[in-house]
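Thanks for coming, everyone. I'll go through cavities, a pocket, helix packing and some backbone details. Please have the viewer open.

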Amino acid sequence: MSRLFYKQSAGFDWNKALPVGNGKLGGMIFGNTDCEHIQLNEDSLWYGGPMNRINPDALEHLEEVRNCIFNGKISEAQEIMLHCFSGIPQSERTYSTLGDLYINYLGLTDYSDYERELDLNDAVFRLRKKSGGDIYREEIFVNAPSNVMVIRLYNDNSTPFDVDVNFGRMTFYDSSFHDADSVYALGSMVGDDYRFAAGITSLHIDGEVSCLGEYIVARKVSELVILFTAATTFREKDPLSYVRSTLSSARAKEYAVLLEEHTYDYHNLFQRSSLNLSYDSEMDFIPTDERLHLYNRNNPDNGLVTTYFDFGKYLLISSSREGSLPANLQGIWNGSINPPWGSKFTININTEMNYWPAEKLGLSECHLPLFDLMLRMNDNGMITAQNMYGCRGTVAHHNTDIWGDTAPQDGWIPATYWVMGMAWLCTHIWEHYVYTNDRIFLEKMYPVMYQTVIFFHDFLIEKDDCVILCPSLSPENTYILSNGEKGHACYNSTIDMCILRDLFEDYLKAAVLLEDSDEAFLSTTRRLLTKIPKLSIGRFGQIMEWPEDYEEEEPGHRHISQLYALYPSNQILADDKDQDLIEGAKATLKRRLSFGGGHTGWSRAWIMNMYARLWDNVAFYDNLTELLKRSTLDNLFDNHPPFQIDGNFGAISAIAEAFLQSNEKRVILMPAVPKEWECGTFTGIRAYGGASYSLTFQDGKLLSFTVKAECGDYQTNVRYLKDEFPVSLSHNEVKVFNIFN
């Protein structure tokens, strides 16, 4: 069984609590003995409503900024950008905690035989503790179909016990009250315009349960089931009515029915892919935190690796579901009124990284909330494009929020004034399509691609045989001019040119599929595509990050933006004929790491993906080891620091990349599997074109692979080492290939 388990509670440490969620509702369970504590989230509870934050001084100063950059007056350009391009107010809305649920056990003392676990196979938290000769248990899960958190309290001997249950919140609720069987809490984030409601109710078979003040009071019960839900006016006109009706519907179901409903729904997603590696099963008796601390290059623990992989899948399913918001910087798990970076959607890599594993692991539905957000951003971005830059189309900068805000966030030169946020997000549209062949989806999202492309038609400057994008940034790095001046603003940063190339190419491919007849627009896009500068090699043999080979203030910077072309893009491939770029990518990574790169969790995960793409199984595994040793918390959350969920998702994407890599022309099997993973299986991994693959390997060699055409007819060439296998399948056809080496 794949699980996280511990021999002690989290105490007061949020980073040791265990997460549960269904995309909309989230909880961090501390597992405390006398008083269980569950920190609660509802994904649409953000501080405040939509705002118009566009700086009215931007447009009239755009040409001045460009001229300063072209003439090397970087400090002057950046000063103008700070004053005239920053959003007003500078900050978008921030994600907030909903509050805390406390379950106070009365009269139980002297606990022993304590254990808490998070069962990743079934998405259920369980706790066991012994007191007074009885073993008391908790079972907690968040049911997605019914949208309720379910908390079951009982003991093995059916001995009656007493508990009190209540809400709490750092900044309180506006009001709370109860009816005959439920307790409710109400609040507002901006006057009466943005409101929320939460509620708890209970099921019991004996004893007495009543609602008093803010408490559900249970006396002499042998089993108690608590149900919790919440809502905001983001989705519901009347959140309180929604909470009441949702709790009423859930109360009409028995606990076993709620559990069965939850399990069926979760298994439908979680069981689509599975990674199994041979390992010493005796390690399963070691608590997860101790096991994590033991892990190193000399003590490989494949069981911990598969648990970490399963945990990443669990987190994506639990934080991003159809109808929910996308996973933010912390998924949905945020215990603060004022979280780091507002726990928003940072779209200069972090939000994109959250969805790197989605298509590969057959979790395409989990990808959908990102596209819903993009549709909200589109209209806002059109206003931003016109008012800030005098351009048609849509644009977004490096951050957005629940409302799809597209104006610049903060006044931080290295990141704020970056115009590529929507462009990078648009690459996910094509990625979703090539894994699913979903034409209806592509038709729905095509206008966003079109509006993003048309923005660059207007924003780009054509000079000689080249396009110029200005102002530009390489998030979030700093270069040094020959005179010692430090700068951020530039033109044609490498990542911007690579994203632009992907955007134009993806759009043109979509246009062909959808039979777009606007030949004039398509012709302009094709012409601009040919004028995008190619990648360049610098004096250290590295891929250049800027159009000039500047010195860097931080050669070990966490962002490795110049290698976007290697990953997540397919512009540099390990089997490409352009060996200069492959060697340049290797030199770039070597230089970054030699100066201390990979010191944040998500950056290390990105490096893992890059080494997988370079088919370097040793470097891939070394960086996985460093991620687990240095950037993973006891509850297996990724540590930036502080906690950011993108590293979890980036890492499981890299593990998938080690086993299978695909593009529109071919599939490569096991290109970067480390020697430590000698035997096992990987089932259900997806490839471009809508096929699923299952691999069986032993002694480091592929024994067989199975291909199923999941999304229509499927054709490709599959490569393993020097062998090639042409694959041609009709829809739903399955074929097994046996390998003899």
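The cavity count comes to four, taking those of 30 Å³ or more. The rule runs on a 1 Å grid over the protein atoms alone: a cavity is a set of points where a 1.4 Å probe fits but cannot get out, and a lining residue has an atom within 4 Å of a point. Grid points are joined across faces, edges and corners, and a volume is the space filled by probe spheres set on the points.

Before the details, a word on the source. This is a predicted model, where local features need pLDDT of at least 70 and side-chain atom pairs count only at pLDDT 80 or more, while totals for chains, interfaces and linings use all residues. Residues are numbered from 1 along each chain as its sequence is written, and side-chain values use heavy atoms, with hydrogens and water left out.

The largest cavity holds about 140 Å³ of space. It has 17 lining residues, and closest to its centre are Gln542, Tyr550, Glu552, Gln562 and Arg591. Strand E24 (551-552) and helix H14 (579-594) are the elements that give two or more residues to this lining. H14 gives the most, with three. Helices and strands here are DSSP runs, H or I over at least four residues for helices and E over at least two for strands, numbered from the N terminus. By class, the lining has six nonpolar, three polar and eight charged residues. In this scheme Ala, Val, Leu, Ile, Met, Phe, Trp, Tyr, Cys and Pro are nonpolar, Asp, Glu, Lys and Arg are charged, and the others, Gly among them, are polar.

Next, the second largest cavity, at about 70 Å³. Its lining includes Gly21, Asn22, His262, Asp265, Tyr266, Tyr314, Ile317 and Arg321. Helix H4 (255-270) and H6 each supply at least two of the lining residues.

What is the angle between H4 and H6? About 120°, with the axes 10 Å apart. Axes are lines fitted to C-alpha atoms, for helices over the stretch in contact, and angles run from 0 to 180 degrees between N-to-C directions. H4 and H6 are therefore oblique to each other. The cut-offs: under 35 degrees is roughly parallel, over 145 roughly antiparallel, 65 to 115 roughly perpendicular, and the rest oblique. H4 passes H6 in a right-handed crossing. Handedness is left if the near helix is turned anticlockwise from the far one by less than a right angle, and right if clockwise. Tyr266, Leu269 and Phe270 of H4 meet Asp310, Lys313, Tyr314 and Ile317 of H6, where contact means heavy atoms within 4.5 Å. Note that Tyr266, Tyr314 and Ile317 are also among the residues lining the second largest cavity.

H6 (residues 302-319) has another partner, H17 (residues 646-659), at about 125° with axes 9 Å apart. That makes H6 oblique to H17. The crossing is left-handed. The contact divides into ten nonpolar, four polar and one charged.

One more pair. H8 (residues 364-389) and H11 (residues 439-459) pack at about 20°, axes 11 Å apart. They are therefore roughly parallel. H8 passes H11 in a left-handed crossing. Phe371, Met374 and Leu375 of H8 and Phe441, Met445 and Phe455 of H11 are among the contact residues. The classes here are eleven nonpolar, two polar and two charged.

Now the largest pocket, about 980 Å³. A pocket is an open set with protein on both sides within 12 Å along at least five of seven lines. It has 33 lining residues, with Asp502, Glu505, Ser569, Asn570 and Gln571 nearest its centre. H10 (421-436) and H12 (494-513) each supply at least two. H10 gives the most, six. The lining splits into eleven nonpolar, seven polar and 15 charged.

Last, the backbone. Most residues other than glycine have a negative phi, and most peptide bonds are trans. Where are the exceptions? His640 to Pro641 is cis, omega near -5°. Pro641 to Pro642 is cis too, omega near 0°. Pro641 sits in the loop between H16 (617-630) and H17, and Pro642 is also in the loop between H16 and H17. Ser158 has a positive phi of about 60°, in the loop between E9 (148-155) and E10 (161-168).
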